[in-house]
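Have a look at the picture, then read on.

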Amino acid sequence: MNQLISIIIPAFEESERLGDSIRQILNYVKKEGLNAELIVVDDGSKDETTQVAKEVCAEFPDLQTKIIRYEENRGKGFAVKTGLLEAQGEVAIFSDADLSTPIAELPKLVKPIQDDEYDVTFGSRALDRSLIGTHQPWRREQGGKVFNFIVRTLTGLPFWDTQCGFKAFNMRKFRPLLELMQIDRFGFDVEFLYVANYKGLRLKEIPVRWDHCEGTKVSVFRDSQRMFNEVRLIRKNAKQGVYGQRG
């Protein structure tokens, strides 16, 4: 089976580390002989993110690459949705620009979808913590655990890590759901999983290797109130019928 895989990288002011990440991804695609496209979405960066992406992609003229940029910063969720809507692959996967989950973990998420076992798969740091190489600072790690407890309580989702930036989708089933998504920033991961589960798609949380990388744009403490409000908004949207009927 040689289905096209779309790899999406949302990027906001990532000029310093994006180049190395793109090289790692494209070298992996080339080495493994994958039928894949790389889509980089510049979420309104004011630095050289787009230029760096163009220069590094030009080093791989035989591979399929695309760079999308818009002027206003809209949020990581909006960037991921933009990339997914542009994706041509039967399976699409998005990864954080810092590759905190190595791109070599891709088969763990993509193969179960290609084998029609699941429709949405997503990396987890919580299921097997021995796979974490470099941990987050203690306070940030504890804040993440509290947030996931809130997510489980408010949404009823039975998962232990909704925020790991490594998720894959059966696009035939997931693409129609993108128009239902309301959240463009921190809570989009939860909304993706909530709506997919609400519509009856088959979800699987999968342990992956992961390393904390400095330079994250999200602060658990600074942004905690917004994250909490967005999770509450998801529950409110469901009650008000924003996501339509259950699948």
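## A helix across the sheet

Start with helix H3 (residues 76-86), which lies across E1, E2, E3, strand E4 (91-95) and strand E6 (166-170). H3 runs at about 145° to E2. Helices (H or I, at least four residues) and strands (E, at least two) are DSSP runs, numbered from the N terminus. For the angles, axes are lines fitted to C-alpha atoms, for helices over the stretch in contact (heavy atoms within 4.5 Å), and angles run from 0 to 180 degrees between N-to-C directions.

Some ground rules: this is a predicted model, where local features need pLDDT of at least 70 and side-chain atom pairs count only at pLDDT 80 or more, while totals for chains, interfaces and linings use all residues. Residues are numbered from 1 along each chain as its sequence is written, and side-chain values use heavy atoms, with hydrogens and water left out.

## The sheet itself

In what order do the seven strands form the open sheet? The order is E3-E2-E1-E4-E6-E5-E7, with mixed pairing. Strand E3 (64-70) and strand E7 (203-207) are the edge strands, each pairing on one side only. On average, neighbouring strands are turned by 20° against each other, direction ignored.

Two strands pair if DSSP finds at least two bridges between them. Strand E1 (residues 5-11) and strand E2 (residues 36-43) pair in the parallel sense, over seven bridges. Pro10 stands opposite Val41 in E2.

## Charged partners

Side chains of opposite charge can pair when their charged atoms come close. A salt bridge here is a side-chain nitrogen of Lys or Arg within 4 Å of a carboxyl oxygen of Asp or Glu, and the whole structure holds 17 salt bridges. One of them joins Arg209 and Glu105 (3.3 Å, N to O). Arg209 sits in the loop between E7 and helix H8 (224-239), and Glu105 in the loop between E4 and helix H4 (106-114), so this pair ties together parts 104 residues apart in sequence. Glu105 is buried at 6% relative accessible area, whereas Arg209 is partly exposed at 37%. Buried means under 20%, exposed over 50%, and partly exposed in between (1.4 Å probe, protein chains only).

Next, Asp189 and Lys167 form a salt bridge, with their closest N and O atoms 2.8 Å apart. Asp189 is in helix H7 (residues 188-198) and Lys167 in strand E6, 22 residues apart. Both Asp189 and Lys167 are buried. Finally, a network of salt bridges links Asp116, Asp119, Lys173 and Arg202.
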